[in-house]
Amino acid sequence: MVKYAIEVLDVRKTYRPRVGLRSRSVVEALKGVTLRVRKGTIHALLGPNGAGKTTLIKIVATLLAPDSGAVYVGGYDAVKEASRVREIIGVVLDVSKGFYGSLTGFQNLVFYGLLKGFSMEDARKRAREVIELVGLDEQSAFKKPYFSYSLGMRAKLSLAKALYTDPEVLLLDEPTLGLDVPSAMEVRNMLVESARAGKTILVTGHNMREIEEIAEEVTIINRGVVVAQGGIQDLKRSLGLVNILYLKLREEGSGKYLTHIESSLQVARTEVSRSSGEVAVRVYVRDPRDKIMETITRILGEDPRPLIDFSIAEPSLEDAYLAVVGGDRPRS
Ligand SMILES: Nc1ncnc2c1ncn2[C@@H]1O[C@H](COP(=O)(O)OP(=O)(O)OP(=O)(O)O)[C@@H](O)[C@H]1O
């Protein structure tokens with residue numbers, strides 16, 4: 001059995017856009033990117049504008065050929081066996097492309113089904129199913145022409161099309177772009193459900209909170225190069241990101257309490273401020289949350305009096321992302 005549903009091995013891609021009549025500039029969009037996505041998982045491809053994410057999605061989707069390197073989807077070579085790959089993928093690229101403006105969403109999907117070899121009856125049945133699955137409202141789906149759709153409705157219809165053939169692998173370039181908050185949440189839930197059901201998803205996006213909620217692993221690329229990769233928690237740890245422990249203590253006994261904390265945990269830094277008999281402390285800790293909780297509980301057992309309140313803030317994927325590409329200006 002194939003362990004990785006998607007394998008991208010040392011892929012390079014250069015664009016040579018025409019500038020003026022003769023001269024050509026060269027854009028190295030991917031400079032040797034490798035990533036592997038395990039079957040039944042969600043892997044997020046992150047990076048600033050122009051990093052090369054769309055280029056990579058298009059290559060995995062067989063829409064662009066790499067200059068060098070190899071890509072396998074479901075074990076099939078995306079260049080030599082492109083038609084096999086196309087049978088097992090669903091793709092969302094530009095949510096505003098790929099539909100006929102004068103047809104309704106339903107008609108567009110039925111037409112797509114017929115192109116994919118479905119009978120008229122099956123094409124209509126499947127179109128209804130995916131419209132329901134993505135939560136596209138019926139009035140819009142069956143009555144309104146596509147050209148009148150809002151960006152959010154277009155995004156849902158794109159997703160419906162990607163899911164139409166019930167593909168093993170979903171390749172989604174910013175699938176929640178333009179969706180309102182509840183719709184984006186519905187889509188996220190649907191992706192998580194799809195992965196649970198065994199589908200493999202490679203998704204790009206700029207909303208780190210959304211990505212953190214759904215993805216198991218991430219690849220961060222910048223200027224065509226992988227700058228960080230792996231499980232989200234491992235990534236935070238490897239970047240040396242720390243938890244922040246907030247403590248509110250009574251003045252009396254606070255010194256001893258803090259000494260205890262600092263000797264039990266790997267503390268990177270402590271910030272203390274005092275006001276009206278209370279001490280507010282921020283402790284930057286390298287230990288995981290469990291260890292911090294265990295330490296607080298133990299010290300509390302010895303002397304509960306100084307502690308008024310505490311909370312722990314864990315670093316977010318956004319912190320990790322900013323640590324890797326923070327401050328970098330978008331290209332082009
Ligand atoms: N058809 C093309 N011709 C020339 N250059 C291109 C073409 N498509 C993309 N590029 C360039 O390749 C680089 C990577 O672009 P790509 O669209 O893959 O980035 P991206 O990470 O998807 O960005 P965004 O987050 O803005 O969608 C950019 O410098 C872009 O300008």
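Modeller: Two strands pair if DSSP finds at least two bridges between them. Helices (H or I, at least four residues) and strands (E, at least two) are DSSP runs, numbered from the N terminus. The model is predicted: local features need pLDDT of at least 70, side-chain atom pairs count only at pLDDT 80 or more, and totals for chains, interfaces and linings use all residues. Residue numbers start from 1 along each chain, following the sequence as written.

Biologist: How many helices and strands are in the protein chain?

Modeller: The C-alpha atoms fill a box of roughly 80 × 50 × 45 Å, taken along the principal axes. In the protein chain there are 12 helices and 14 strands.

Biologist: How far apart do the C-alpha centres of domain 1 and domain 2 lie?

Modeller: Domain bounds come from an automatic or database domain assignment. Domain 1 covers 4-237, and domain 2 covers 242-314. Between their C-alpha centres lie 45 Å.

Biologist: In the open sheet of six strands, which strands stand at the edges?

Modeller: The order is β6-β7-β8-β3-β9-β10, with mixed pairing. An edge strand has a single partner, so one side of it is left without a neighbour in the sheet. That applies to β6 (89-92) and β10 (225-231).

Biologist: What is the average twist from one strand to the next there?

Modeller: Axes are lines fitted to C-alpha atoms, for helices over the stretch in contact; angles run from 0 to 180 degrees between N-to-C directions. From strand to strand in this six-strand sheet, the twist averages 15°.

Biologist: In the open sheet of four strands, which strands have a single partner strand?

Modeller: The order is β12-β13-β11-β14, with antiparallel pairing. One side of each edge strand is left without a neighbour in the sheet, because each has a single partner. These are β12 (267-275) and β14 (307-313).

Biologist: What is the bridge partner of serine 273 in β13?

Modeller: β12 and β13 (residues 278-285) pair in the antiparallel sense over eight bridges. In β13, the partner of serine 273 is alanine 280.

Biologist: What angle does helix α11 make with the direction of β14?

Modeller: Helix α11 (residues 289-302) packs on the four-strand sheet and touches β11 (243-250), β13 and β14. Its direction against that of β14 makes about 170°.

Biologist: Which residues form the uncovered face of β11?

Modeller: In a regular strand, side chains alternate between the two faces of the sheet. The covered face of β11 has Asn243, Leu245, Leu247 and Leu249. Leucine 245, one of these, stands opposite valine 283 in β13. The uncovered face has Ile244, Tyr246, Lys248 and Arg250.

Biologist: Which residue in β14 is the bridge partner of lysine 248?

Modeller: β11 and β14 run antiparallel, joined by six bridges. In β14, lysine 248 has as its partner aspartate 309.

Biologist: Which element supplies the largest share of the shell around the ligand?

Modeller: A residue is near a molecule or strand if its C-beta atom, placed from the backbone, lies within 6 Å of it. Of the 14 residues around the ligand, Tyr15, Asn49, Lys53, Thr54 and Thr55 come nearest. β2 (27-38) and α1 (53-60) each supply at least two residues. The largest share, three residues, comes from α1.

Biologist: Which helices do the buried residues of α3 pack against?

Modeller: Buried means 20 or more other C-beta atoms within 10 Å of a residue's own; exposed means 12 or fewer, and partly exposed lies in between, with C-beta atoms placed from the backbone. In α3 (residues 105-115), Gly105, Phe106, Asn108, Leu109, Val110, Tyr112 and Gly113 are buried. They pack against α4 (120-134), α5 (138-143) and α6 (151-163).

Biologist: Why does aspartate 137 count as partly exposed?

Modeller: Aspartate 137 is found in the loop between α4 and α5. The residue counts as partly exposed because its C-beta neighbours inside 10 Å number 13.

Notes
Two residues are in contact if their C-beta atoms, placed from the backbone, lie within 7 Å.
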